[in-house]
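Thanks for making time. I have one model to go through today, so let me put it on the screen.

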Amino acid sequence: VLLNHGLPELLLNMLVENGVGTVETLGAMTPEQLARIPGMMDEYMPMIQSAVLGYYGQFEAAVLAAQPG
């Protein structure tokens, strides 16, 4: 799902291989927890944040669009 929101496949595979298999799990992690993942680099943090925010943002946009004007 996060591939559709700009997360590179290499980074997604790294997360899954280290037990981060859902958007919910990833979204609940702190930068410190992410930094403990082998191979994780500071440069990846903005990509992860952007992908998670993009994922959750689609639901917010749908709710706002459904509200009467």
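Predicted model: local features only at pLDDT ≥ 70, side-chain atom pairs only at ≥ 80, totals over all residues.

The protein has four helices and zero strands, and read along the sequence the pattern is α-α-α-α. Taken along the principal axes, the C-alpha atoms fill a box of roughly 50 × 20 × 20 Å. There are 69 residues in the protein, and 28% of them are buried. If you take contacts between residues at least 6 apart in sequence, 57% of those join residues at least 24 apart.

Now the helix at residues 9-17, which is H1. Which of its residues are buried? They are Leu11, Leu12, Met14 and Leu15. Looking down the axis of H1, those buried residues fall within an arc of 160°, and therefore they line one face of the helix. On the face turned away from that buried side, H1 carries Glu9, Leu10 and Glu17, which are exposed. Note that a leucine, Leu10, is among these exposed residues. Just after H1 comes Gly19, with a positive phi of about 85°.

Next, the core. The largest nonpolar core has 19 residues, and the members that touch the most others are Leu26, Met40 and Ile48. At least two residues of this core come from each of H1, helix H2 at 23-28 and helix H4 at 44-66. H4 gives the largest share, six residues.

Let me stay with Ile48 for a moment. What does it contact, leaving aside neighbours within four places in sequence? The list is Leu7, Leu11, Leu26, Leu34 and Met40. Leu11 we met as one of the buried residues of H1.

On to the largest pocket. Its volume is about 150 Å³. The lining consists of Leu26, Gly27, Met29, Thr30, Pro31, Leu34, Met45, Pro46, Ile48, Gln49 and Val52. Leu26 and Ile48 turn up again here, in the lining. The elements that each give two or more residues to this lining are H2, helix H3 at 31-35 and H4. As for the largest share of the lining, H4 supplies it, with five residues. By class, the lining has eight nonpolar and three polar residues, and no charged ones.

Last, two single residues. Asn4 sits in the segment before H1. Is Asn4 buried or exposed? Its relative accessibility is 70%, so Asn4 counts as exposed, the cut-off being over 50%. Between the C-alpha atoms of Asn4 and Ala51 there are 8.2 Å, although the two residues are 47 apart along the chain.

The other one is Tyr55, in helix H4. Tyr55 has a relative accessible area of 14%, and therefore it is buried, as buried means under 20%. Leaving aside neighbours within four places in sequence, Tyr55 is in contact with Val1, Leu2, His5, Val23 and Glu24. Leu3 lies 52 residues from Tyr55 in sequence, and their C-alpha atoms are 9.9 Å apart in space.

To recap, H4 supplies the largest share of the core and the largest share of the pocket lining. That is what I had; questions are welcome.

Key. Residues numbered from 1 in each chain as written. Heavy atoms only, no water. Buried < 20%, exposed > 50% of the residue type's maximum accessible area, 1.4 Å probe, protein only. Arc of directions from axis to C-beta. Core = buried A, V, L, I, M, F, W, Y, C linked by side-chain atoms within 4.5 Å. Contact = heavy atoms within 4.5 Å. 1 Å grid on protein atoms, 1.4 Å probe; cavity = no way out; pocket = protein on both sides within 12 Å on 5 of 7 lines; lining within 4 Å. Points joined across faces, edges and corners; volume = space filled by probe spheres on them. Nonpolar A, V, L, I, M, F, W, Y, C, P; charged D, E, K, R; others polar.
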